[in-house]
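Good morning, and thank you for coming. Please look at the sequence and the structure while I speak.

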Amino acid sequence: MLELSGLSKHFGGVKAVDGLDLTVNEGEIFGLIGPNGSGKSTTINLICGVFAETAGTVRFRGDLMNGKPPHRRLRAGIARTFQNIRLFPNLTVWQNLWVAQNSRQDVATQGFLPRWFGATRRTRQEIAGLLELADLGHKDDELASNLAFGEQRRLEFARAAAARPKLLLLDEPAAGMNQQEIDDLSQRIRRVRDSGVTILLVEHVMELVMGVTEQMAVLNFGRKIASGTPGEVQRDRAVQEAYLGTAGSTSRPGEGGD
Amino acid sequence: MDDYVITVLSNIGMISFIALSAYLLLLTGEISFGQQAYFGLGAYAAGAVTAMLLLPIWAGILVGACLAGLVAMVVGALTLRLSGLYFSISTLAFAEMVRLILLIVHVQVEVEGEMVGPAGAEGFHGIRWMFERDLSLVQFMLLIYGLLALVLIVLLLMERSRLGSVFRMLGSDDLLAEMQGVDTVRYRILAAGVAGVIAGIGGALYAHFTTYVEPQFFNVMLGVHALAYGLIGGLGTAFGPLIGVAIDVGFLEAVRFIQGYRMIVFGGLVAVLLVFMPRGLLDEERVHWLRTLFARRSHARSQRR
């Protein structure tokens, strides 16, 4: 489904991502973990086209994505959420969902009036369904800025679903969540996968990654240092070193510890 | 109505075009100090069409609007990668370029034994279509407000359409808009073009109302005012900038004791509003509140059905 090969992004002398090879299969929940600054976010930004890669390729369902702007990639089926909540505060809840829903190829070809004025029954029903799922049914005409924190999170998730992606990139969705919320989130992620969406989860909340993913890869300093099932990765020595530092005096400069 | 009142009302109408033009760009998050250039281009082009080519005024307005729109799209494409202060400075620089070019353009033709056309710093005299047709001030004012109503209807329809949402999305988060499948490049150029057309129509009308335009009128103060109208009146609806114009040209001009201090009062008003209501009197929040107030009754009716 998603195939990264030799993917690199250098910012000047800093190799944020360096020769990354990664394959995510259809229907998988794939986890991508790594310490801070290991290149996880850069990888997401490369996949959805925010950054242009220095070298390497991004293939999605066999198509080369290099050079395609983010909106083309969304239409191809790659959607994402953000680490911090990002909504359009000046638009209503309904409008927040509408534009994403309306970008889809099957909706965009409905003709002028439905496309620009959202007039079809189908569009309205679909958005009503999304609102229902997100438990925001009564808030459709509220400005997004007036929603409570939890509601904003749910709206963001609903908006990602509105585009009906084939691949959903989740950028640290569990940041700042308590245990109860993390459990809810795992369930929601599984439900989304079961509806036919492949998921790439970038996270450093370990319970979530270990509990929900089937395959995973670990990044450190922009390189993949391990991959496999969560069990395999947990036992990997290189991973333990990356997270806990190496024993004795061989620790890399800048890793601290006395 | 005496001529003075009609003139003030006509001025309010004509300035409203450039206010709406700047407002549209403010929606997309861009502060342009250069909309006066499109107003000026519209004025010169329309004047040339009616006074030099002797074509009717609708042709002049059409040419003025199209030229302003096209140039605005080119400038929009050139400034795509700029944002914030850099965008503002480049629009200002472009507008000054247009003004300085108009200062040296000397193209005149002989019409009925008289030389007519842009004459550099001396301006463009003799755009007399209105007098040749024996149009009264009131009739011309109706033309201004007719076109203004048309532009306003288009903008209000746009607000309700996906385009309105897209423009506001560009104004708050470019990257996020891309992630919703919005081709931000295309819509930014479109917004620039539409804003140019609106300013161009205003300029075309202005040239025919005053019968005389000079480059000096299209200086940066016009553009700054255009921006201020949207920021005073509010960015929540296209009525916002019109309220801004009415407050400045109408109220401040009409109140006697402010006379002579108008710019000081105006500047103070802008400063106070920017602090307490950064998106103007009718910002999105208040417009939304008003809309739900009006919509509640019809909504209740549709619920019963």
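A:Leu2 has A:Val24, in strand 2 of chain A, as its bridge partner. Strands here are DSSP runs of E with at least two residues, helices are runs of H or I with at least four, and both are numbered from the N terminus. This is a predicted model, in which local features need pLDDT of at least 70 and side-chain atom pairs count only at pLDDT 80 or more, while totals for chains, interfaces and linings use all residues. Residues are numbered from 1 along each chain as its sequence is written, and chains are lettered from A and ligands numbered from 1 in the order in which they are written.

Strand 1 (residues 2–11) and strand 2 (residues 14–24) of chain A pair in the antiparallel sense, over 7 bridges; to pair, two strands need at least two DSSP bridges between them. The two form a hairpin with 2 residues between them, and A:Gly12 in the turn has a positive phi of about 60°.

I turn now to a sheet of chain A. What is the order of its 6 strands? The order is 6-7-8-3-9-10, in an open sheet with mixed pairing. Strand 6 (78–80) and strand 10 (223–228) stand at the edges with a single partner strand each, so one side of each has no neighbour in the sheet. On average, neighbouring strands of this sheet are turned by 20° against each other, direction ignored. Within chain A, strand 3 (residues 29–33) runs parallel to strand 9 (residues 215–220), joined by 4 bridges, and A:Leu32 has A:Ala217 in strand 9 as its bridge partner.

Next, one residue of a helix. A:Ser186 lies in helix 8 (residues 179–194) of chain A. Is A:Ser186 buried or partly exposed? A:Ser186 is partly exposed, because 19 other C-beta atoms lie within 10 Å; 20 or more would count as buried and 12 or fewer as exposed, with C-beta atoms placed from the backbone. Leaving aside neighbours within four places in sequence, A:Ser186 is in contact with A:Leu208, A:Gly211 and A:Val212, contact being C-beta atoms, placed from the backbone, within 7 Å. A:Leu208 is 22 residues from A:Ser186 in sequence and 6.7 Å away in space, C-alpha to C-alpha.

Finally, chain B. Helix 1 (residues 3–27) and helix 11 (residues 239–254) of chain B pack at an angle of about 145°, with axes 8 Å apart. Axes are lines fitted to C-alpha atoms, for helices over the stretch in contact, and angles run from 0 to 180 degrees between N-to-C directions.

Note on methods. Contact = placed C-beta atoms within 7 Å.
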